[in-house]
Amino acid sequence: MLFQDTALIYGRYLRQSLRSRIALLFGVLTPLLYLLFFGPLLTDLPLGGRGSSWQVLVPGLLLQLGLFGALFAGFLIIIEKSQGVVERMRVTPVSRLALLLGRVLRDATVFVFQAVLLVLAAVAMGLRAPLAGVLIGFAFVALLTVSLASLSYALAMKVRTPQEFGPLINAVSMPSMLLSGLMLPITLGPSWLDVLSHVMPLRYLVDAMRDAYVGSYATPHMLYGVVVAVALAGLAVTVGTRVFRTSGA
């Protein structure tokens, strides 16, 4: 029943996304602009890591896509609450876990699709990375999306208006981007900033993806990245499911 319920919710929201093709394409616009206008500035610069500047920049842009897109996914819940959609779903026998999983799996599908478009554009501009590393990167994007979308939906169930939701998300997203080394390796900065960045879970995913893009898979960065990504996804889904079960009960 959980699988059937999840597939039902997933299909409903995926069809909504497919009907809004402009939104699908514009969702990748910001990282694409970084790729087009910021990427060439880094060519041949020593960035303190292995591989080319594209192998440093593109993994960060992919995770940036998941970070900002997934964190703001909760806006849909706020709209649905105001229209009574959430309450109508909650009075059905559909699993509360399925109500969450269907949504976050839709989000993961959308952002992985956008990540594919971004990688294709990066390849056209000069990115060269092993196929296995690129696929591992997509898996990290999916796990990050599941984690952050679950937390975003949980937060959206607790707030009443978009005006409350937006500032809270901005307060999380900006430090996450700045302290994780998404744009440039954080090791280029002072040592205190490097130490501080280790409290940011996203930092471990960035390091792991950059290793994958140069073909290094059996590294401590990869191990830490996988452990953090899986643990964060499990914790976030658990929190999100509990909120869906109790909010408004």
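Trainee: Are Arg106 and Asp107 buried or exposed?

Mentor: Please note at the outset that this is a predicted model. Both residues, Arg106 and Asp107, are buried. For Asp107 the relative accessible area is 6%, and buried means under 20%, so Asp107 falls in that class.

Trainee: Where is Asp107 found, and with which residues is Asp107 in contact, leaving aside its neighbours within four places in sequence?

Mentor: Asp107 is found in helix α7. With the neighbours within four places in sequence left aside, its contacts are Ala73, Thr145, Ala149 and Tyr153. As for Val172, that residue is 65 residues away from Asp107 in sequence, and the two are 19 Å apart in space, C-alpha to C-alpha.

Trainee: Which parts of the chain does the salt bridge of Arg103 and Glu80 tie together?

Mentor: The side chains of Arg103 and Glu80 meet at 2.9 Å, N to O. Arg103 lies in helix α7 (residues 96-125) and Glu80 in helix α5, so this pair ties together parts that are 23 residues apart in sequence. Arg103 and Glu80 are both buried. They also belong to a network of salt bridges, in which Arg12 is linked with them.

Trainee: How is the salt bridge between Arg160 and Glu164 to be read?

Mentor: Begin with the distance: the closest N and O atoms of Arg160 and Glu164 are 3.4 Å apart. Then consider the accessibility of each partner. Arg160 has a relative accessibility of 68% and counts as exposed, whereas Glu164, at 29%, counts as partly exposed.

Trainee: Arg12 was named in the network. Over the face of which residue does Arg12 lie?

Mentor: Arg12 lies over the face of Tyr13, and the distance from the ring centre is 4.9 Å.

Trainee: By what is a pair of aromatic rings described?

Mentor: One gives the distance of the centres and the angle of the planes. The structure holds three aromatic pairs. In the pair of Tyr34 and Phe38, the ring centres are 6.4 Å apart and the planes stand at 85 degrees, so the pair is edge-to-face. Tyr34 is partly exposed, with a relative accessible area of 32%. Phe38 also counts as partly exposed, at 23% relative accessibility.

Trainee: Why is the pair of Phe75 and Phe165 called edge-to-face?

Mentor: Planes over 60 degrees apart count as edge-to-face. The planes of the Phe75 and Phe165 rings are at 75 degrees and their centres 4.8 Å apart, so this pair is edge-to-face. It links distant parts of the chain, with Phe75 in helix α5 (residues 75-83) and Phe165 in helix α9 (residues 162-180), 90 residues apart. Phe75 counts as partly exposed at 26% relative accessibility, while Phe165 is buried, with a relative accessible area of 0%. Together with Phe72, these two residues form one aromatic cluster.

Trainee: Let us turn to the surface. Which residues form the nonpolar patch?

Mentor: The patch is formed by Ile22, Leu25, Phe26, Leu29, Leu33, Leu36 and Phe37, with about 710 Å² of accessible area together. Helices α2 (21-26) and α3 (29-37) each supply at least two of its residues. The most comes from α3, which gives four residues. Phe37 is found in helix α3, and this residue is exposed, with a relative accessible area of 60%.

Conventions: Residues numbered from 1 in each chain as written. Predicted model: local features only at pLDDT ≥ 70, side-chain atom pairs only at ≥ 80, totals over all residues. Heavy atoms only, no water. Phe/Tyr/Trp six-rings, centres within 6.5 Å; stacked < 30°, edge-to-face > 60°. Buried < 20%, exposed > 50% of the residue type's maximum accessible area, 1.4 Å probe, protein only. Lys NZ or Arg CZ within 6 Å of the ring centre and 35° of its normal. Patch = residues over 30% accessible without salt bridge, like charges linked within 9 Å, V, L, I, M, F, W, Y side chains within 5 Å. Areas by Shrake-Rupley, 256 points an atom, 1.4 Å probe, with all protein chains shown as cover. Salt bridge = Lys/Arg side-chain N within 4 Å of Asp/Glu carboxyl O. Contact = heavy atoms within 4.5 Å.
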